[in-house]
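Let's take a walk through this structure together, one stop at a time. Keep the sequence and the 3D view side by side as you read.

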Amino acid sequence: MGLASKESIEKLVKNASLAVGDMYPIIKQDMHVMAECDDGVLPLLRLVPELRMNVRFILVDLESSFRALMNASSAVEKRLHLINIRADIYESYKLLYGYGKSRQHTAWSKIGGELQALQESSAEKAYEQLGKEYDAITPFLVQIKTSLRDKDNRNLTYHYDGNLLKVYQNILEATDEEGMCRRIIPIFDTLLAVLIFCDHVELVEKSQGHVLPKTDVRDNYKLTIQRLFAKTLGSNVRMRQITKQFLDNASQIDTLAKTTKSLVNIQEYAKTNCSLIDFPEAGNMVKMSQTHLLIQIMLVNIASDLNAYLNSGSEPEYAFIMRRLTVIRYAVLSQLFGYSDDERENSLWASIYKMIPENYDAFVCSAKQIRMELENLIDASDKKIRTLYTHLINRRRNNVPAIIATMEAANPVTELKKTEALVRATTKISRFLKALMDKLAKDAHAKVN
């Protein structure tokens, strides 16, 4: 396949901007139709609104992320949007076509089973034609199939990792914007073919006297607050300056990653040559450096998503982008402090706290204050919501309706305040680590002399 032309990309971005606003109300419509379907609606027809809802949700999600990629001005923003799109494609494929044993629980697979049964039991030629159309589309769905690297990217994007160098390397490798364009265009084409297929199924069933329930959805105003908030936020000069500062300092990620790699090498050398050298401080230095790296990646990630939020082109996009802040907060706090007792025992902060000498009274006091601040940031609802946002389908349960309801109920002011609180806390941690490292180095130097 040749390179995507500038004209085709511009057309795709323009169409994405228009399509998101047009498709979202239809997603809501199909959600309500699904809720109204009872046992009186034949199984094949009952699956149509679910499949349409899934496809349009995927389209809105991918097109929102794709517009963010195309509108990004800095290289680091583009990298972050690229890994987001790859993660979204992986989850979308799980919802649309499925992996392994979970495939049987997807709407597409269930429709295939219903069509097969109808072809065997009915003399109606229309079902045979639908079966052929289904079989013609399925290979294109298979071609979308993601790789093991996509799964790794998905986990590193949504969860981060105890080894922040893996997160850094994943971001570093995300450079192929043109390749993403080549990948995503046929995905859009295939999804549109599935929508047409759904219309054909509904027409055939209608010709047999079977119709879906009629509903009238008039609650799309729920996302208006997102647009109004984004407009107010965008006029905040201070916020714009801080966001720009975070992105301008993105090169610090490279510096911190190099430092962390060097410290890891020293630590590994110390372990291998334990009879020749005793350097327990290497482990402490690695934990400090990993914490700095985590914080810096978080700041750039937040700034990138805030810019995408402000540059959204339709009300649904605001909600789809805003949900990423919850994902980031959870990923950072899981690694930094922990939500469960097990996570806290193995967290970066637990390691840092242990390395503070007992006679460092001022540092112990500051550490306790920071711990209280981190504890106040732990919100069980964030964990639940983040799990929902990052799993479009969970075994047999389709999460799309719950995700839509949660996004619409989200208060953007609250989301931003929670994010600001995390930034303030991690800024204190950065200053604390620098002061602690300087103090430890000074005392070590004094002992030598």
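Start at Tyr 160, which lies in the loop between helix 6 (148-159) and helix 7 (164-172). Helices here are DSSP runs of H or I with at least four residues, strands are runs of E with at least two, and both are numbered from the N terminus. Tyr 160 has a positive phi of about 65°, although it is not a glycine. Its relative accessible area is 4%, so Tyr 160 is buried. That word means under 20% relative accessible area, while exposed means over 50% and partly exposed is in between, using a 1.4 Å probe and protein chains only.

Arg 395 is found in the loop between strand 1 (393-394) and strand 2 (397-398). Its phi is near 60°, again a positive value in a residue other than glycine. Arg 395, though, is exposed, with a relative accessible area of 70%.

Before going on, a word about the model. It is a predicted one: local features need pLDDT of at least 70 and side-chain atom pairs count only at pLDDT 80 or more, while totals for chains, interfaces and linings use all residues. Residues are numbered from 1 along each chain as its sequence is written, and side-chain values use heavy atoms, with hydrogens and water left out.

Now zoom out. The protein has 19 helices and two strands, and its C-alpha atoms fill a box of roughly 95 × 50 × 45 Å along the principal axes. Of its 449 residues, 51% are buried. A contact means heavy atoms within 4.5 Å, and among contacts with a separation of 6 or more, 80% are between residues 24 or more positions apart.

What about the inside? The largest nonpolar core has 140 residues, and Leu 374 and Phe 432 touch the most other members. Helix 2 (residues 43-71) gives the most to this core, with 16 residues. Such a core is a set of buried Ala, Val, Leu, Ile, Met, Phe, Trp, Tyr and Cys residues joined through side-chain atoms within 4.5 Å. If you click on Phe 432 and leave aside residues up to four places away in sequence, you'll find that it touches Trp 349, Ile 352, Ile 356, Phe 363, Ser 366, Ala 367 and Ile 370.

Next, the rings. A search of the whole structure finds 13 aromatic pairs. One of them is Tyr 93 with Tyr 97: the ring centres are 5.7 Å apart and the planes are at 50°, so the pair is tilted. The rule is that rings of Phe, Tyr and Trp (its six-membered ring) pair if their centres lie within 6.5 Å; planes under 30 degrees apart count as stacked, over 60 as edge-to-face and the rest as tilted. Tyr 93 counts as buried at 2% relative accessibility, and Tyr 97 does so at 12%. The rings of Tyr 134 and Phe 197 are also tilted, because their centres are 6.0 Å apart and their planes are at 55°. This pair links distant parts of the chain, with Tyr 134 in helix 5 (residues 125-143) and Phe 197 in helix 8 (residues 177-207), 63 residues apart. Tyr 134 and Phe 197 are both buried. Back at Tyr 93 and Tyr 97, these two form one aromatic cluster together with Tyr 90 and Tyr 99.

Last stop: charges. Side chains of opposite charge can pair when their charged atoms come close. A salt bridge here is a side-chain nitrogen of Lys or Arg within 4 Å of a carboxyl oxygen of Asp or Glu, and the count comes to 27. Where do Arg 329 and Asp 382 sit? Arg 329 is in helix 13 (residues 315-336) and Asp 382 in helix 17 (residues 380-389), 53 residues apart. Their closest N and O atoms are 3.3 Å apart, and both residues are buried.

Compare that with Arg 371 and Glu 375, whose side chains meet in a salt bridge (3.3 Å, N to O). Both lie in helix 16 (residues 361-377), four residues apart, about one turn of the helix. Arg 371 counts as partly exposed at 35% relative accessibility, and so does Glu 375 at 33%.
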